[in-house]
Amino acid sequence: MGKVVAIEDPSNYEVVTRRIRRLLDQGDLEIKPHARQRMIERKYLIGDVENVLRLGIVVSHSFERGAWRWKVRGVTVERKRATCIVEIDGLLIVVTII
């Protein structure tokens, strides 16, 4: 992992999308236990999460629990709609998947 540079404007979804995809391509991905539990409940695999993040679009952001979060909407490998909530903190952190 290289130098971590904060995203200056969390509402600049183009920059956020590029960062998400770069971190994903580098393998800098962490899936929180809550997200893993939701994956099991909703029958999503890691490939589904990656598909949403790689091909989806950032639709909103919020500041929660001391961190910026982005909502990424996309589709799973089987073309089912899904949404990932992510944080970026040197890693791409998947908080949950809906």
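Reader: Which residue forms a salt bridge with Asp25, and how far apart are the closest N and O atoms?

Author: This is a predicted model, in which local features need pLDDT of at least 70 and side-chain atom pairs count only at pLDDT 80 or more, while totals for chains, interfaces and linings use all residues. Residues are numbered from 1 along each chain as its sequence is written, and side-chain values use heavy atoms, with hydrogens and water left out. A salt bridge requires a side-chain nitrogen of Lys or Arg within 4 Å of a carboxyl oxygen of Asp or Glu; Asp25 and Arg54, whose closest N and O atoms are 3.2 Å apart, form one. Because Asp25 lies in helix H1 and Arg54 in helix H3, the pair ties together parts that are 29 residues apart in sequence. Helices here are DSSP runs of H or I with at least four residues, strands are runs of E with at least two, and both are numbered from the N terminus.

Reader: Why is Asp25 called exposed, and what is Arg54 called?

Author: Buried means under 20% relative accessible area, exposed means over 50%, and partly exposed lies in between, using a 1.4 Å probe and protein chains only. Asp25, at 58%, therefore counts as exposed, whereas Arg54, at 34%, is partly exposed.

Reader: What makes Arg18 and Glu14 a salt bridge, and how are they placed in helix H1?

Author: Their closest N and O atoms are 3.0 Å apart, so the pair meets the rule. Being four residues apart in helix H1, they are separated by about one helical turn. Glu14 is exposed at 55%, and Arg18 is partly exposed at 47%.

Reader: How do you know that the span of H1 agrees with its number of residues?

Author: The expected span is 1.5 Å times one less than the number of residues; for the 14 residues of H1 (residues 13-26) this gives 20 Å, and the end C-alpha atoms are 20 Å apart, which agrees.
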